Amino acid sequence: MFERFTKDARAVVTGAVEHAERGGAQTVDVEHMLLALLDREGSRASFALAALGGGQWLESARLALREARRRGGLSQAEADALAGLGIDVGEIVARVEEVHGVGAMSGDRKDTGWWSGRRSFSREAKDVLERSLRIAVARRDRHIGDEHILLALTSRPGVPAEILADHGATYEAVIRVLGGEAKAG
């Protein structure tokens, strides 16, 4: 599959690994992939995000990702649902961080010296890569570009899709900007 990836798509994968390494994460997750996409310039995905106002909200999206990691990966919708049950996720995070330090619920390991080698991709990150292939095939594209990774992130439930949707970058909006039809896979 990776032989069909464009230079920009490969840069997203490499960037996601770098984000995981910088954060001390043991695995590359979908949030790392979104961060890598937000870093891109001059690519089809960056064009699509810019057309949807991305220049104005990219930093806000990065902050939202950091907050979701602090909540242990819970999306804002999940935190709101728990609040409806009387569970204050913000209070839980504050108490855990009071005892264990800021970012304790993020799942990142700060003591990465024990581990060497390649970081593996989480099941969710692998799903995004597989979806990007299915989307490219559905669009009859001969390659898998970073725009397909963006579409795959918007097509599955989770923190990246929620953050992108909150900023107007839904699957349908990205398809409109890129042109053409594709099934979410």
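Which residues does isoleucine 149 touch, not counting residues up to four places away in sequence? They are Phe5, Ala9, Val12, Met33, Leu37, Val128 and Ser132. Contact here means heavy atoms within 4.5 Å. We will come back to isoleucine 149.

A word on the model. It is predicted, so local features need pLDDT of at least 70, side-chain atom pairs count only at pLDDT 80 or more, and totals for chains, interfaces and linings use all residues. Residues are numbered from 1 along each chain as its sequence is written, and side-chain values use heavy atoms, with hydrogens and water left out.

Now the overall layout. The protein has ten helices and two strands. Those are DSSP runs, numbered from the N terminus: helices are H or I with at least four residues, strands are E with at least two. Along the sequence the pattern reads α-β-α-α-α-α-α-β-α-α-α-α.

Of the 185 residues, 45% count as buried. Buried means under 20% relative accessible area, exposed means over 50%, and partly exposed lies in between, with a 1.4 Å probe and protein chains only. The accessible surface comes to about 9900 Å². Carbon and sulfur atoms account for 51% of that surface. The areas come from the Shrake-Rupley method with a 1.4 Å probe, and for residues only the protein chains shown count as cover.

What about contacts along the chain? Take those between residues at least 6 apart in sequence: 67% of them join residues at least 24 apart.

On to the core. In soluble globular proteins, nonpolar side chains tend to be buried together. A nonpolar core is a set of buried Ala, Val, Leu, Ile, Met, Phe, Trp, Tyr and Cys residues joined through side-chain atoms within 4.5 Å. The largest one here has 43 residues. Those with the most contacts inside it are Ile149, Leu150, Leu153 and Leu164. So there is our opening residue again, Ile149.

Which helices each supply at least two residues of this core? They are α1, α2 (30–39), α3 (44–51), α4 (54–70), α7, α8 (146–155), α9 (159–166) and α10 (171–178). The largest share, seven residues, comes from α2.

Stay in α8 for a moment. Histidine 148 is found there. Its relative accessible area is 0%, so histidine 148 is buried. Its side chain makes a polar contact of 2.7 Å with that of aspartate 141. A polar contact is a pair of N or O atoms within 3.5 Å; within protein, one must be able to donate a hydrogen and the other to accept it, and residues adjacent in sequence count only if both atoms are side-chain atoms. Leaving out residues up to four places away in sequence, histidine 148 touches Ser132, Ile135, Ala136, Arg139, Asp141 and His143. Ser132 was also on the list for isoleucine 149.

Next, helix α1, residues 7–23. Alanine 20 sits in it. Is alanine 20 buried or exposed? Buried, with a relative accessible area of 0%. Alanine 20 touches Ala25, Thr27, Val28, His32 and Arg119, again not counting residues up to four places away in sequence.

Side chains of opposite charge can pair when their charged atoms come close. We call it a salt bridge when a side-chain nitrogen of Lys or Arg is within 4 Å of a carboxyl oxygen of Asp or Glu. By this rule the count is nine.

One of them joins glutamate 21 and arginine 119, at 4.0 Å, N to O. Glutamate 21 lies in helix α1, and arginine 119 in the loop between α6 (89–100) and β2 (120–121), so the pair ties together parts that are 98 residues apart in sequence. Glutamate 21 is partly exposed, at 42%. Arginine 119 counts as buried, at 12%.

Aspartate 127 and arginine 131 meet at 2.8 Å, N to O. Both lie in helix α7 (residues 123–138), four residues apart, about one turn of the helix. Salt bridges that share partners also join Asp39, Glu59, Arg62 and Arg66 into one network. Arginine 66 is partly exposed at 46%, and glutamate 59 is partly exposed at 43%.

Last stop, the surface. Leu85, Ile87 and Ile92 form a nonpolar patch, with about 280 Å² of accessible area together. Patches are made of residues with over 30% relative accessible area and no salt bridge; like charges are joined within 9 Å, and nonpolar side chains (Val, Leu, Ile, Met, Phe, Trp, Tyr) within 5 Å. Isoleucine 92 is in helix α6 and counts as partly exposed, at 40%.
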